Amino acid sequence: MAENIIYCYSGSGHCLGMAKTIAKILGDTDIVMMRSFPAITDASQAKRVGFIFSCFAGGLPGDVENYVKSIHIAPGAYKFAVEQYAGYLGCGLRKIDDIVHLDYWDGISNHSTAIWLMPHALTIPPTTPKMAQERIDRKAKEIGAAVRLGQRSEKRPPKEAAFELMSKSLSKSHAKRIKTFAASDACIGCGTCEKVCPRNNIRLVGGKPSFGENCIGCLSCVQLCPKAAIDIGKVTKKRQRYPNKQISPAELTEKVIHID
Ligand SMILES: Cc1cc2nc3c(=O)[nH]c(=O)nc-3n(C[C@H](O)[C@H](O)[C@H](O)COP(=O)(O)O)c2cc1C
């Protein structure tokens, strides 16, 4: 078993890109993806256990909360978490802290991948995609160094009741949007959407994606389609996609990525 385990949830790859950078600094790390039930839940031999994930609707994405509850961590292990968000941190870090009692946590604003809701450049401070990536890379290096040194955060992550409520109402509006996913004429039937869907919710029928009822709204299909051919109603027709360039769609679907 690797010395370090990072549990990662990533929709369009930004958190996975960051997890890879931090893993390279730590060495001997298994990045265990949490897009479906994690392949490794026994982390009891790991010296450091990390969680890197994106803010979804002010909270944790998909089933991450339940997944984290299933992980076994040694009492003396060092536990850290990093959350990416566009405009606000939300309550995801606090939820993880409630379960595993973090030693160290941090958050960083990145471009919004929730493109049905807002233009992607909703960052604090405003940035271009290149600037945002450079900032994420700098932050990942700082966090990697802090984790190696075993730094500890002075406070717990913020607990904001408003985010809990927002998370619930956004999840409802998101559920409605999910029903409006459709492929445009730009679709070439390459099947990337089918492969990157963490829920096996997309099937190619007659060379075009058909969407089932098991979507969690991660937007991987929307963000990673090489032709930007999947839309959410009319809202995303003119919106730029924002996938991460440091990862491949195939990598995103791995269960475990080992970094020496
Ligand atoms: C479905 C969805 C919901 C999101 N909700 C929020 C949100 O409530 N607040 C926020 O600041 N960012 C939100 N974001 C933005 C992501 O947290 C941010 O873009 C992150 O960098 C995405 O990382 P990933 O590509 O690894 O998933 C949302 C993104 C998606 C796709």
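Strands β1 (residues 4-8) and β4 (residues 48-54) run parallel and are joined by five bridges; strands (E, at least two residues) and helices (H or I, at least four) are DSSP runs, numbered from the N terminus. Within this pair, Tyr 7 has Phe 51 of β4 as its bridge partner. The model is a predicted one, in which local features need pLDDT of at least 70 and side-chain atom pairs count only at pLDDT 80 or more, while totals for chains, interfaces and linings use all residues. Residue numbers start from 1 along each chain as its sequence is written.

Both strands belong to an open sheet of six strands with mixed pairing, in the order β7-β6-β4-β1-β2-β12, where two strands pair if DSSP finds at least two bridges between them. The edges are formed by β7 (104-109) and β12 (256-259); each has a single partner strand, so one side of each is left without a neighbour in the sheet. On average, neighbouring strands are turned by 15 degrees against each other, direction ignored. Helix α3 (residues 92-100) packs on the sheet, where it touches β4, β6 and β7, and its direction makes about 165 degrees with that of β6. Axes are lines fitted to C-alpha atoms, for helices over the stretch in contact, and angles run from 0 to 180 degrees between N-to-C directions.

Lys 79 lies in strand β6. This residue counts as buried because it has 20 C-beta neighbours inside 10 Å; the cut-offs are 20 or more other C-beta atoms within 10 Å for buried, 12 or fewer for exposed, and partly exposed in between, with C-beta atoms placed from the backbone. Leaving aside residues up to four places away in sequence, Lys 79 touches Val 49, Ile 73, Val 100, His 101, Leu 102 and Asp 103, contact being C-beta atoms within 7 Å. Lys 47 is 32 residues from Lys 79 in sequence, and their C-alpha atoms are 8.8 Å apart.

Helix α1 (residues 14-26) has 13 residues and reaches 19 Å from its first C-alpha to its last, close to the 18 Å expected at 1.5 Å a residue (1.5 Å times one less than the number of residues). Its buried residues include His 14, Cys 15, Leu 16 and Lys 20. Gly 27, with a positive phi near 75 degrees, follows the helix.

Around the ligand are 25 residues, of which Ser 10, Gly 11, Cys 15, Ser 54 and Tyr 85 come nearest; the criterion is a C-beta atom within 6 Å. Two or more residues of this shell come from each of α1 and β6 (78-85).

Methods: Contact = placed C-beta atoms within 7 Å.
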